[in-house]
Amino acid sequence: MAPEEDTGTELLLQSFERRFLAARALRSFPWQSLEAKLRDSSDSELLRNILQKTVKHPVCVKHPPSVKYARCFLSELIKKHEAVHTEPLDELYEALAETLMAEESPHGHRSYLLPSEGSVTLSESTAIISHGTTGLVTWDAALYLAEWAIENPAAFTDRTVLELGSGAGLTGLAICKMCRPRAYIFSDCHSRVLEQLRGNVLLNGLSLEADITANLDSPRVTVAQLDWDVTTVCQLSAFQPDVVIAADVLYCPEAIVSLVGVLRRLAACREHQRAPEVYVAFTVRNPETCQLFTTELGRAGIRWEAEPRHDQKLFPYEEHLEMAILNLTL
């Protein structure tokens, strides 16, 4: 195999691996590239390698995605194989048979590979909106902010980080594993989200603050209930954050007003000390929503500037989406 062909195959395998572990939409997989590779090869070694990188991946075996997702993926893989090769590949049918016999669960796992060769694994609801909240799944701006954090670890190292609207916890878990914060406070207001957050913290080998067996080399991790509309300056002061982050929380005008209200109270927490640094990441879905956010920041006297786009593309998300991170000065 020529070096360029070998590189192309490796990139294809990496793409399948990252997308499958993260349970991304099947349409996001490079199926056309796979078909081209299959036409050029008379054996089935590539498909065997894809199986090892996806359904048989050690992370996936330990923390599998939803059964329905694995079933649909294998059905598509078999379809691509049958379109090119006449001989069936037993390993594909055996893997599909296992999913057909498995029981479906309302939860599945998404796993994201880290540069350190570790990973972040999340237990998520299989429904986008579940129990009246969107916080039980990971949104793209959380991945984008996690990438930025990994590229800028000094912003978090040996510091106390408060995350507003943590959702499933991807960003915070990546920061805890890659950026060595002194303490990390996950927060949300929905009881189901908080329950899932605690589970995801433990799933990733971190301990909650009350655990006396906690690893001293790991950050002090807290999961806190925080309702933006009722939390007080006194309550926020207790966290003593050096850094405040939030991702994909600008989903409606009411949330924006509530968020800016929290930021104003955070600014009042440290009258005689330096205010925390604040980073807010979001997907630009509606320009009017983004404009409302910057307008409300102006009314609150909070200055902002956009962070430059970062170079790292560690996690699979929709590349055509416009995403931004604002650095706020309280």
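Strands here are DSSP runs of E with at least two residues, helices are runs of H or I with at least four residues, and both are numbered from the N terminus. The model is predicted, so local features need pLDDT of at least 70 and side-chain atom pairs count only at pLDDT 80 or more, while totals for chains, interfaces and linings use all residues. Residues are numbered from 1 along each chain as its sequence is written, and side-chain values use heavy atoms, with hydrogens and water left out.

**The sheet**

Now select strand 4 (residues 183-188) together with strand 5. They pair in the parallel sense over six bridges; two strands pair if DSSP finds at least two bridges between them. Strands of a sheet pair through backbone hydrogen bonds, either parallel or antiparallel.

In what order do the seven strands run? The order is 5-4-3-6-7-9-8, the sheet is open, and the pairing is mixed. Strand 5 (220-225) and strand 8 are the edge strands, each pairing on one side only. From one strand to the next, the twist averages 20 degrees.

**Helices on the sheet**

Select helix 8 (residues 170-178), which packs on the sheet and touches strand 3 (160-164), strand 4, strand 5 and strand 6 (243-247). Contact means heavy atoms within 4.5 Å. The direction of helix 8 makes about 175 degrees with that of strand 4. Such angles run from 0 to 180 degrees between N-to-C directions, and the axes are lines fitted to C-alpha atoms, for helices over the stretch in contact.

Helix 11 also packs on the sheet. It touches strand 3, strand 6, strand 7 and strand 9, and its direction makes about 155 degrees with that of strand 3.

Go back to helix 8 and pick Thr 171. Is Thr 171 buried or exposed? Thr 171 counts as buried, at 1% relative accessibility. Buried means under 20% relative accessible area, exposed means over 50%, and partly exposed lies in between (1.4 Å probe, protein chains only). Leaving aside neighbours within four places in sequence, Thr 171 is in contact with Ala 142, Leu 145, Ala 146, Glu 163, Tyr 184 and Ile 245.

**Helix 12**

Select residues 287-299. This is helix 12, with 13 residues, and it reaches 18 Å from its first C-alpha to its last, close to the 18 Å expected at 1.5 Å a residue. The expected span is 1.5 Å times one less than the number of residues.

Colour Thr 289, Cys 290, Phe 293, Thr 294, Glu 296 and Leu 297, the buried residues of helix 12. Seen down the helix axis, they fall within an arc of 160 degrees, so they line one face of helix 12. The arc is that of the directions from the helix axis to the C-beta atoms. The buried residues pack against helix 11 (253-267), strand 7 (277-283), strand 8 (303-306) and strand 9 (323-329).

On the other side of helix 12, Pro 287, Glu 288 and Arg 299 are exposed. Thr 295, also in helix 12, is partly exposed, with a relative accessible area of 29%.

At the start of helix 12, a side-chain oxygen of Asn 286 comes to within 2.9 Å of the backbone nitrogen of Glu 288. Just after helix 12, select Gly 301, which takes a positive phi of about 75 degrees.

**A last stop**

Select Lys 80 in helix 5 (residues 67-84). Lys 80 is buried, with a relative accessible area of 13%. Not counting residues up to four places away in sequence, Lys 80 touches Trp 31, Leu 34, Glu 35 and Leu 38.

Notes. A polar contact is a pair of N or O atoms within 3.5 Å; within protein, one must be able to donate a hydrogen and the other to accept it, and residues adjacent in sequence count only if both atoms are side-chain atoms.
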